[in-house]
Amino acid sequence: MRKPLQTSLLAALLLAGFHHSALAADTKPPAAAEAPGASDGFHLPPFPADAHVAQSAKVDGRTLKYTATVGSLPVRDEKGKVIAQVMFTAYTMPGKDRPVTFAVNGGPGASSVYLNLGAIGPKKVNFGVEGDNPSDPAVLHDNPGTWLGFTDLVFIDPVGTGFSRALVDDKQATKDFYSTDSDIQYLSRIVYDWLVKNGRMESRKYLVGESYGGFRGPRITDYLQTRLGVAMNGVVLLSPYLDPAASDDENVSPLPWMLTLPSIAAAHLERGHKLTAEAMQPIIDYTRTTYATTLMEGRSNPAATEAMIRKVASLTGLDPLFVQRSGGRLETQAYLREVYRAEGKLGSRYDSNVTAWDPFPYAPHQRSGDPILNGIIAPTTTAMVNFVTRTVGWKYDGRYNALSYEVGRLWHDDEDANLGSVKQLREAVANDPGLRVLIAHGWDDLSCPFMASVLIVDQMPAMGDPARVQVKEYPGGHMFYARPSSQADLLRDVKALYGVH
């Protein structure tokens, strides 16, 4: 049911006082400068200086004129030695009292390109929906769902993603960057350093995290509040991975199966053009009650089990024999093969209604990669490299990692990670009565299913105003914002969080 941390999430799925220029600022370092890490045997070309370009986007009848900046910030150890360089992409507009929003994706091993060029940045490239091909032209166009109209945006690429790089060997990098606590601490410091560098400590501040970035979100918020003295006004978590342990113990607990059944039922409704919030509510209610209790009763109540299997087959459209042999417990990868087996295709765990051909249809288990993950790396990499190196003029010839499987393999999946971020979410909300949180999911997502967040938030104390933490669901999957109507609905709900009218 549950996959290892480094493979179960989207890489997907954070980032001013800048001067305007038609193209890049001078990006050549002083001639005498030594490449970072050279003294330790790393012979890496130096990062260029921060580069800026003036751009515009037409959104909802309004022309947004902004500065795009690509640059980097150092990460230092306790002795002040630079051990990594973190790349950021920032979009800023003139105006008094503009908020600033920091954005980070997940994986771990994903750059911030998915939020940047997919969800909330001023430009967008198409990816992540049925019918998109990796070889389609990676053309940027104005993003109707951008948040830039009401907040400056800073996208952060964690070490090992994008162009961001460690200046230590893999063993030390795992200790310094590729584990839970160190990851949260240095990313929090990057937020702090960007604010100080750009004179924005007094700005209203927001954080958005997607997927494992949603795991990071509450922990970064809590660390900034209590350790670095930076308080967020709001947090938006897109398809967050908040409670890894919820998918454990599927042999006894009904919880792992409760999390995924509503998303499988939602995908079935969508294929029949019947997916609405009203249609989903009785499915959620059934999952919380009869489905859960029947699973807990097990073989002690055969009649209830038989009725449950009939109900699950009806909700999902699956062959009743398949559901019966599964005991009404629908394992994600088995479902994704079964639902499209007659077509010779596979569904994606990130949106089960996005498919690809199964190259090994007769194998006992799925042998190929995920349809969405396999399809998004090419367009996002091409679009981002062109934007950074040609449009903005941040001239660097290293490899750009939209999704780094190398980081995934190095990641230290410690026990703390399995504790999730629910504790930090509760504490951050308790620490600041002004903090507001929006948790947003796609109905069809089976990698980070919405039902987990529904149950998590329903168990939280009200802490004065229960509306301070809300869960919203939209048609689509892990990257539901790839669908224009869902992106528009998300924009409406985010504007309400920011107080934009």
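Six nonpolar, four polar and two charged residues make up the lining of the second largest cavity, and that is where I would like to begin. In this classification, Ala, Val, Leu, Ile, Met, Phe, Trp, Tyr, Cys and Pro are nonpolar, Asp, Glu, Lys and Arg are charged, and the others, including Gly, are polar. What we have here is a predicted model, in which local features need pLDDT of at least 70 and side-chain atom pairs count only at pLDDT 80 or more, while totals for chains, interfaces and linings use all residues. Residues are numbered from 1 along each chain as its sequence is written, and side-chain values use heavy atoms, with hydrogens and water left out.

Staying with the second largest cavity, its space comes to about 40 Å³. Its lining is formed by G128 and V129, by Y350, D351 and I372, and by G476, G477, H478, M479, F480, A482 and R483. On a 1 Å grid over the protein atoms alone, a cavity is a set of points where a 1.4 Å probe fits but cannot get out, a pocket is an open set with protein on both sides within 12 Å along at least five of seven lines, and lining residues have an atom within 4 Å of a point. A volume is the space filled by probe spheres on points joined across faces, edges and corners.

Let me turn to the largest pocket, which holds about 580 Å³ of space. Its lining consists of 20 residues, and those closest to the centre of the pocket are V75, R76, D77, I83 and Y186. Which elements each supply at least two residues of this lining? They are the strand β2 (62-76) and the helices α3 (170-176), α4 (180-197) and α5 (212-228), where helices (H or I, at least four residues) and strands (E, at least two) are DSSP runs numbered from the N terminus. The largest share is that of α4, with six residues, and the lining taken by class has nine nonpolar, three polar and eight charged residues.

Two of these helices, α4 and α5, also pack against one another, at an angle of about 65 degrees and with 9 Å between their axes (lines fitted to C-alpha atoms, for helices over the stretch in contact, with angles from 0 to 180 degrees between N-to-C directions). That makes the pair roughly perpendicular, on a scale where under 35 degrees is roughly parallel, over 145 roughly antiparallel, 65 to 115 roughly perpendicular and the rest oblique. From α4 the contact (heavy atoms within 4.5 Å) includes T180, D181 and D183, and from α5 it includes Y212, F215 and R216. By class, this α4 with α5 contact has ten nonpolar, three polar and five charged residues.

The helix α15 (residues 450-458) packs against α7 (residues 277-297) at about 70 degrees, with the axes 12 Å apart, and these two helices are therefore roughly perpendicular. On the α7 side the contact uses M280, I284, T287 and R288, and on the α15 side F450, M451, V454, L455 and D458. Six of these residues are nonpolar, one is polar and two are charged.

With α6 (residues 255-271), α15 makes an angle of about 120 degrees, the axes being 7 Å apart, so α6 and α15 are oblique to each other. Here L255, M258, L259, P262 and S263 of α6 meet F450, M451, A452 and L455 of α15, a contact with eight nonpolar residues, one polar residue and no charged residues.

I close with two points of backbone geometry. Most residues other than glycine have a negative phi, and most peptide bonds are trans. The bond joining G107 and P108 is cis, with omega of about -10 degrees, and P108 sits in the loop between β4 (100-104) and α2 (113-120). D60, which is not a glycine, has a positive phi of about 55 degrees, and D60 belongs to the loop between β1 (51-59) and β2.
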